[in-house]
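Hi,

Here is the structure I said I would pass on.

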Amino acid sequence: MQPLSTTPSSYSSSRESAPTGPRTAIVTGASRGIGAAIAHRLARDGFRVVVNYAGRTEDAQAVVQAITAAGGATVAVQADVADSSAARQLFDAAEQAFGRVDVLVNNAGVMPSTLPHLAQTDDATFDRVVAINLKGTFNTLREATHRLQPGGRIVNFSTSLVGTALPGYAVYAATKSAVETLTSVLAKELRGRNITVNAIAPGPTATALFLDGKTPELIGRLAQANPMERLGTPEDIASAVAFLAGPDGGWINGQTLRANGGMV
């Protein structure tokens, strides 16, 4: 398939509508945690779901099996989104399986488990966080501009740590702040395509990524940091993504939605 031109002249109207028929969503980092919850929710909402993963094959297959057992259409695709060629192949596989791509959810991300302060962050940690969180998002966004159908949706992932600026999260929050900027700019660059670009910024959410390396005392303090006095759940975040990807989110564009129970 030849990539679609991204120039405005390629589109006849800023009100061009999406084709009818089942829609396809790619969810990166969907083998567990928030990504898996998003895959399940979008499948329940009628999307055909591409479950992307980097290395957790068994977990990804378990997500696929559960969606299939519930009557959904899905496929697992291994691809390290930090690699631009792998990101391209991810979209190739989605089109081969389902013929089109309508939604991209950029959920894949990593966080240093030891939460080092900036001065104690080594080069390897910095490079890995930037490669996956920032360049991985860039790679899939660039591909999505060529591949998404009119009426498509892009949902990136930031973090509410951009607002709280807690010690130990300097590099992680910096990559997510950059994702918010990519979100705002790309929304404008896709003028006339009828494609929305937004970001979700979760607060503390009970996933393995969040819980790894934290003491029970720290987890308890973070759970009390919002007026709801609990950690978020993967399903809380999946619901926010479903809103932005679904019919009720079509007038939201270029925004970052902080899904954090009111923490910041």
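**Arg153 and its surroundings**

The backbone oxygen of Leu244 sits 2.9 Å from a polar atom of the Arg153 side chain, and the backbone oxygen of Gly246 is 2.6 Å from a polar atom of that side chain. I call these polar contacts: N or O atoms within 3.5 Å, where within protein one must be able to donate a hydrogen and the other to accept it, and residues adjacent in sequence count only if both atoms are side-chain atoms.

Before going on: this is a predicted model, with local features needing pLDDT of at least 70 and side-chain atom pairs counted only at pLDDT 80 or more, while totals for chains, interfaces and linings use all residues. Residues are numbered from 1 along each chain as its sequence is written, and side-chain values use heavy atoms, leaving out hydrogens and water.

Arg153 lies in strand β5 (helices are DSSP runs of H or I with at least four residues, strands are E runs with at least two, numbered from the N terminus). Arg153 is buried but has no salt bridge, and Asp248, the nearest side chain of opposite charge, is 8.5 Å away. Buried means under 20% relative accessible area, exposed over 50%, partly exposed in between, with a 1.4 Å probe and protein chains only. A salt bridge needs a side-chain nitrogen of Lys or Arg within 4 Å of a carboxyl oxygen of Asp or Glu; for charge, Lys and Arg are positive, Asp and Glu negative, and His and the chain ends are not counted. Beyond four places in sequence, the contacts of Arg153 (heavy atoms within 4.5 Å) include Asp102, Leu244, Ala245 and Gly246.

**Helix α9**

Leu244 and Ala245 are among the buried residues of α9. This helix covers residues 234–245 and reaches 16 Å from first C-alpha to last, close to the 16 Å expected at 1.5 Å a residue (1.5 Å times one less than the number of residues). Its buried residues pack against α1, β4, β5, β6 and β7.

**Thr159**

Thr159 is buried, at 6% relative accessible area, and a polar atom of its side chain lies 3.1 Å from the backbone nitrogen of Leu161. Among the residues Thr159 touches are Tyr172, Lys176 and Pro202.

**Helix α8**

In α8, Ile219, Leu222 and Ala223 are buried. They span an arc of only 100° (from the directions from the helix axis to the C-beta atoms), so they lie on the same side of α8. Glu217 and Arg221 are exposed on the other side.

Cheers
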